[in-house]
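Here are a few notes to read alongside the model. Keep the picture open while you go through them.

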Amino acid sequence: MSEDAVIGLLVATVQFATLVYLAGLGELIAERSGVLNLGVEGMMAMGAVTGFMAAIATGRPWIGFAVAALVGMATAGVHALVSVIMGAGQVVSGLAITIGGLGFAAFIGQDAVRERADAVFTDQSIVGLSDIPWAGPILFDQPPVVYLAGILGIAAWFVLTRTRLGLALRAVGESASTTDSVGHSVTMLRSSAVLVGGAFAGAAGAFLSLYMAAGWTEGLIAGRGWIAVALVIFGAWRPGRLAAGSLLFGFTLALQPRVQTFDLSIFGLEVNTISPALLGILPFLLTVVVLIAISFRARHRPSPAPAALTLPYRREER
Amino acid sequence: MTEPTHAPLHTVARGRARWHRIIVRPVLQRRARVAPAAQAIAFVIGIVLALIAGAMLLWGSGNDPATVYQRMAESSLGGFDALSRTLLRATPLAIAGLAVAVAGSMGLWNIGAEGQMMAGATVAAGFAMVAGDLPGPVLIVLMLVAGAVGGVVLVVGPALARAYLGVSEIITTLMLVEVAIRIVEWLKVGPWKDPESFGFAQISPLPDQASLPGLFGQVHIGVLFAAALLLAFWLAVSRTAWGYELRMAGSSPATARYAGISLQRKVLTALLLSGGLAGLAGAIELTGTATRLEPGLSSGYGFAGIIVAALALMRPSGVAVVAFVFGAVLRGGQSIQTLGVTSSIATILQAMILIGALVAAVLLNYRVRWVRPVGHPSEKSAPQAGPAPGGAPPSEGSSHPEASGV
């Protein structure tokens with residue numbers, strides 16, 4: 001295996017990791033506030049198609065990116081209205097967002113399918129750092145969204161663990177009634193978390209359509225939204241572990257199209273005989289294993305899952 | 001990583017947002033009397049809202065909504081052939097919806113019906129490969145059994161984890177959807193690749209005798225299975241001790257435990273039955289409409305089944321009605337492609353019906369009261385924030401998981 005092939009694999013790993021990290025971070029914020037949003041797939045599709053169309057119309061990828069975040073936020077607004085403000089079931093509401101979002105994106109993107117994207121993100125090398133062997137091309141010669149995802153991850157970690165807002169947000173995910181009784185608005189906190197989550201998912205969709213695929217097709221998201229949902233659990237609802245998990249999931253995603261070209265043998269196993277489709281199962285199976293491991297550990301230590309996850313809250317009801 | 005220490009939570013309130021001190025805000029209050037058949041009304045409201053929103057969407061994209069809707073109605077409801085095409089799509093929707101409703105009637109969410117349908121179709125197709133010489137009726141019956149087994153195989157892990165470890169079935173069943181679809185993709189290019197297909201990979205076709213007999217028009221006898229299963233479920237849930245225990249275990253686990261019902265066994269049965277039904281739906285779809293197994297065979301029926309069950313409030317009669325309506329929407333969506341309109345309008349309508357019905361159900365069960373905040377300029381006294389005037393004090397207990405009724 002040549003050095004170039006390995007670097008190419010790792011560059012793609014970082015990019016796929018960015019994709020699922022952005023969407024996963026949004027889902028993490030929503031889930032820490034106690035709202036499960038199974039609409040990631042639909043929000044990403046909405047962001048991908050609108051971001052792509054806006055970038056074509058204006059010729060500027062950043063405008064497309066911003067539009068995608070806003071549209072993702074608006075899509076998540078439906079989930080916030082139905083499941084937080086109205087207090088209806090989070091599971092069905094989220095699924096409706098996925099099904100409706102995918103359909104809606106396909107509907108408005110009919111004409112965009114044939115468009116070629118010339119306004120896409122390009123790689124930005126960071127002066128000084130991009131010349132470092134190995135780390136340079138892998139980490140510091142990437143599209144700007146990759147750096148932005150890193151900054152957003154640190155910001156989310158800081159807000160969640162070091163600020164009063166973050167404390168209130170985590171508290172409302174553990175016990176809404178307690179948080180309400182000290183004077184916070186449960187509706188406001190949860191709705192904002194869902195909206196921010198939607199913006200992240202929409203932005204992730206735009207990263208897909210404005211860089212990784214550089215185009216829009218129906219079925220572009222291809223289960224990456226579900227991977228983001230899985231990633232939140234795999235990362236035990238913490239931004240740091242989410243980043244580690246996204247690198248692992250990103251690695252499996254990057255490996256899929258490449259694995260059959262690798263002339264490499266590990267412990268007698270010819271790598272190029274591994275099926276890409278079976279490799280794609282790995283993130284989902286790992287997540288199931290992690291969930292079961294968490295439940296075993298929960299006999300001694302509290303579960304990392306927000307205690308109020310999926311429970312709607314109405315002050316007037318017990 | 002250990003959590004950093006913070007100031008106690010009550011001191012945090014000082015820094016809270018002040019928006020709800022100045023805004024007159026709505027509060028939902030449970031109605032003392034709910035209209036009879038509130039869910040049916042909500043469903044109709046959902047359909048009307050979805051049709052209005054869909055019309056705006058069509059109009060905005062340069063289509064005439066009246067023409068499109070007329071074509072959808074004619075092709076799905078207008079006449080014998082049209083109805084048979086609707087029933088063809090309603091069949092897998094009803095069985096998948098029933099599968100979700102079985103788990104849902106004890107408060108469990110089988111989000112993985114889509115994957116269990118694929119697993120059922122896969123095992124059924126695999127059985128047809130090894131036993132393709134059997135006569136038609138025998139082969140079909142055994143394929144349907146194999147399908148149920150396939151669904152059970154995919155759900156047994158999540159069911160055991162839920163029953164004995166308390167692992168939420170929502171995520172585990174969902175994860176296995178992607179697993180099942182990717183396994184079929186792997187079979188397609190790998191072990192089950194048709195040696196006679198040179199250009200592009202596809203799975204070998206089913207034997208000729210492995211197709212469900214037709215009934216009338218486009219409909220195959222799967223629709224009778226669906227009707228029989230719905231009837232059996234209705235009898236089992238509402239007329240047997242087993243069904244009573246199942247519902248009790250869902251609505252009040254503590255009572256059920258006190259009455260000597262094994263919750264673990266109930267969870268296990270409900271989820272395994274749910275997976276088996278979804279697997280059966282997959283096998284029926286395979287033998288009824290397809291000539292070979294494909295990764296896209298289920299094409300969203302499993303996920304739509306969740307919406308069907310939710311709209312039906314997990315009741316079999318509701319599942320039948322909603323499945324029929326959704327079948328008509330799917331058939332109508334397919335028919336308008338000849339008008340140059342994409343069939344994705346069907347999935348949009350489905351999602352909008354659900355969202356509209358969810359909102360309508362809440363408004364039928366709750367009254368909206370506009371609460372003026374304490375400390376509002378229009379009020380003289382009230383020095384500090386407290387419970388809203390007239391409103392109940394904040395409840396101590398956590399929220400109710402099924403508060404909305406949907």
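The points below cover chain B, one of its residues, and a helix pair in chain A.

1. Some housekeeping. This is a predicted model, where local features need pLDDT of at least 70, side-chain atom pairs count only at pLDDT 80 or more, and totals for chains, interfaces and linings use all residues. Residues are numbered from 1 along each chain as its sequence is written, while chains are lettered from A and ligands numbered from 1 in the order in which they are written.

2. Chain B has 15 helices and four strands; these are DSSP runs numbered from the N terminus, with helices (H or I) of at least four residues and strands (E) of at least two.

3. Now find Ala73(B), in helix H4 (residues 65-77) of chain B. Is Ala73(B) buried, exposed or partly exposed? Ala73(B) counts as partly exposed because 14 other C-beta atoms sit within 10 Å. Leaving out residues up to four places away in sequence, Ala73(B) touches Gly78(B) and Gly332(B); contact here means C-beta atoms, placed from the backbone, within 7 Å.

4. Over in chain A, look at H10(A) (residues 224-234) and H13(A) (residues 282-297): their axes come within 9 Å and cross at roughly 35 degrees. Those axes are lines fitted to C-alpha atoms over the stretch in contact, with angles running from 0 to 180 degrees between N-to-C directions.

Terms used: Buried ≥ 20, exposed ≤ 12 C-beta atoms within 10 Å, placed from the backbone. Contact = placed C-beta atoms within 7 Å.
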